[in-house]
Amino acid sequence: MSELNLILMGPPGAGKGTQAERLVDDFDLPYYATGDILRAAIAEGTELGKEAQPIVEAGDLVPDELMIGVIMERFDTPEAEDGFILDGFPRTVGQAEALDEALDRRGRSLTAALLIDAPAEEVIRRLSGRRICVKNGHVYHVENDPPKTEGVCDQDGSRLIQRDDDKPETIKRRLSVYREQTEPLIDWYDQRGALRRFDGSRPPDEVHSHIRATLATLALEAEL
Ligand SMILES: [Zn+2]
């Protein structure tokens, strides 16, 4: 069986997390969010985790080389021998090149970079509609999952608020940072023929079917 080595990219609010969960179920692949595996390496006290700990504790960015090492520790485990889903890395072309080299040294390569994209207005509509209850953090959405009474939590009667992170101005800023950082990376994968785009503004089931069909085609091509 051919490997399914996948990178997941996309702006906040485009449904990347939902699709990641489904891909994990579909293909039985391990999901590596880089923040999580870095924290796990530190908690487990692996050699690289020990190296990363003081850097993370100081609030500094972990150097690319070290981050690649932490990722490769995971890729080298039996659970990732048939593939993986990597989320949150690379963020720059330099990191993408370093990741490619590290995979190459292991005789492996990336199957595809999956980009789940959505226009800014859709992302803003989705994220800015979120309301959180002040008492227990229950989550609602003014359009997709409204409470029975506007502004009041169904479960505990407490007040619903919009977090600062979900305010349109904050979302716009996050999106523009995301675009600025990620556009060159998207182009880079596109030039290598590795990029696969999906329309995250479509319903999740539809996006999911589209991704499955794309991966099935890639698997067939790999066997030819
Ligand atoms: Zn509540």
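I began with the zinc ion, whose donors follow the spacing C-x4-H-x14-C-x2-D along the chain. I took donors as N, O and S atoms within 2.8 Å of the metal (3.2 Å for Na, K and Ca); water is not among the atoms, so sites may look incomplete.

I noted that the model is predicted: local features need pLDDT of at least 70, side-chain atom pairs count only at pLDDT 80 or more, and totals for chains, interfaces and linings use all residues. Residues are numbered from 1 along each chain as its sequence is written, and side-chain values use heavy atoms, with hydrogens and water left out.

Which atoms hold the zinc ion? I found Cys-133 (SG), His-138 (ND1), Cys-153 (SG) and Asp-156 (OD), at 2.1 to 2.3 Å. His-138 lies in the loop between strand 5 (130-133) and strand 6 (139-141), and Asp-156, 18 residues apart from it, in the loop between strand 6 and strand 7 (160-161). Strands are DSSP runs (E, at least two residues), as are helices (H or I, at least four), numbered from the N terminus.

I then looked up the largest nonpolar core, which has 35 residues. Such a core is a set of buried Ala, Val, Leu, Ile, Met, Phe, Trp, Tyr and Cys residues joined through side-chain atoms within 4.5 Å; buried means under 20% relative accessible area, exposed over 50%, partly exposed in between (1.4 Å probe, protein chains only). Met-9, Phe-75, Leu-86, Leu-99 and Tyr-189 have the most contacts inside this core. Helix 4 supplies its largest share, seven residues.

Last, I recorded a core apart from that one, of 22 residues, including Leu-8 and Ile-171.
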